[in-house]
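Dear colleague,

Here is the structure I said I would pass on. My notes on it follow below.

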Amino acid sequence: MAGTAVRGRLTWELAELVEVVVETPHVKTIVLDVPSWPGHRAGQHVDVRLTAADGYQAERSYSIASAPDGTRVALTVQRLEDGEVSPYLTDELRPGEKIELRGPIGGYFVWEPSDGGPLMLVAGGSGVVPLMAMIRTRAAARDDTETRLLYSSRSEDDVIYRDELERLSGNGLGVVHTLTDSQPPGWTGYARRVDPEMLAEVAPRPAQRPRFYACGPTPFVEAVAEALVRLGHDPPAIKTERFGPTGR
Amino acid sequence: MDELMLDGNAVAGLLQEVFAVEMTTAVGTCGGCGAPGPIAAVHVYRGAGIVLRCPHCGNALAKIVKGDSRAWIDLTGIRVLEVTV
Amino acid sequence: MPPEAAKLVVSRGWRGRRSTDVDPARIPPGQYVTRDFPVLSAGPTPHTSLELWDFSIIGELAEPRGWTWEEFLALPSEEITRDIHCVNKWSKLDTVWQGVSVDTLLAGIETSAEYVTQYSDGGYTTNLPLEDITGGKAWVVFAYGGEPLAPEHGGPARMLVPGHYFWKSAKWVRGLRLHLSDEPGFWETNGYHNYGDPWQEQRYVGD
């Protein structure tokens, strides 16, 4: 795409917390208002920075969960048990208070309806966040690109956006869950880690030239990417984003 | 493969801070094995500073150290870098 | 002008995960004390088998010397308790190691070298004046906290040179090369300070 380079040095802006949404026992979405927000593309992330009174700082990256919506930016944050930043964002920050944020960041792991499909999204745990931004962007645009989400979670309680995904299913969007640790009574879906067999069953055929986005912990993403290549998919069509310990 | 190793997406903010342009879509050709690929797909290690390594051969493509107001970037492991302008 | 120095936006009530009940005299300028042991690395964790591992002293000396893993473990070793300081601003107090003093490894060596480079599996190097790793200032350590040194923390053996920022204590160390002249290493050639004294806050070139 010629001439669409994202330009300009990133600067830290002040984002105000507007609303907190509980997603699962360990996950919340914080909705922020960023006055100078230039808009964003699904798949991009922001860097968040906290500063203590004595100057100590910590920085973390969070994927944007929301479709573009004026100055509103939603981040879905998993509260890590001994986390340095996440517990503050999910449990301490109060509506009206502000945090430093810079973004939007990223130009590779992005999708917009004009990119087309068929679109295959593979999520490991909280890796679903940037993929949900893609699904929400698609819905807001009333786009009907054939899209499938294969979403791996530990248990039903850990599935983020469960109701919304169910509501958005149809109109070309299919959602397949796999629950790796425990399943509810009567569960008939996948009950194991994502593997080549599962991908072969769920993903479009190579001949359909699908576009893949896989996001989650490094081992998950590596295994998925390798399996897709073995299934005959074109490596440049497989985009990956690894989640892991970040910050400085 | 190390669980701690992330990819170029994790340093997208730092790279944009340094280069003033989005860099994860830039395509680097490894000076070691000659393989091209987007910066988003390189392996990123955090030591005292940041090291970007070729996902095919492990060659150190780039090293980045960020001080308070200065940054040092060694790109000698990249034979050529293609960027959108 | 450092932009962050202009004004700090303080996050109400946030302290981070560091320890604050410490004697400030033990903390070099700009450092914060952590309870964790962050794992930082310039590359993937090597996994050299102990059968193939050796440690060498090479370069500017009459006869190179070396030890297999068994020979190395048979050397006199000691327990060392020190504070360590990373250039990324975290410090860890009273870390306990088991290791062989570099003085033991260099005992009896005749050399006109004034500098030494630590070199590691994976290609990492870091440099110091020879006088800063001798005289009880440096060890090759193989245990941390009473346990064999984990690969992610530099095992089977790493350097411990507490008087400098911790990038000057090479993980996965395989030897010391003695030189007549200084040869800046992996990070010293890329912005980090050539000497790296935490008490002088020598983090970057020119500090």
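Which residue stands opposite B:Arg46 in β5(B)? B:Ile50 does. This is a predicted model, so local features need pLDDT of at least 70 and side-chain atom pairs count only at pLDDT 80 or more, while totals for chains, interfaces and linings use all residues. Residues are numbered from 1 along each chain as its sequence is written, and chains are lettered from A and ligands numbered from 1 in the order in which they are written.

Chain B. Strands β4 (residues 43-46) and β5 (residues 50-53) of chain B run antiparallel and share four bridges. Strands are DSSP runs of E, at least two residues, and helices are runs of H or I, at least four, numbered from the N terminus; two strands pair if DSSP finds at least two bridges between them. Both belong to an open, antiparallel sheet of five strands in chain B, ordered β1-β4-β5-β6-β7. Because β1 (6-7) and β7 (71-74) of chain B each have a single partner strand, one side of each is left without a neighbour in the sheet.

Chain C. This chain has three helices and 12 strands. Its contact with chain B takes 19 residues from chain C and 19 residues from chain B (C-beta atoms, placed from the backbone, within 7 Å). The C-alpha atoms of chain C fill a box of roughly 60 × 35 × 30 Å along the principal axes. Among contacts in chain C between residues at least 6 apart in sequence, 64% join residues at least 24 apart.

Regards

Conventions:
Contact = placed C-beta atoms within 7 Å.
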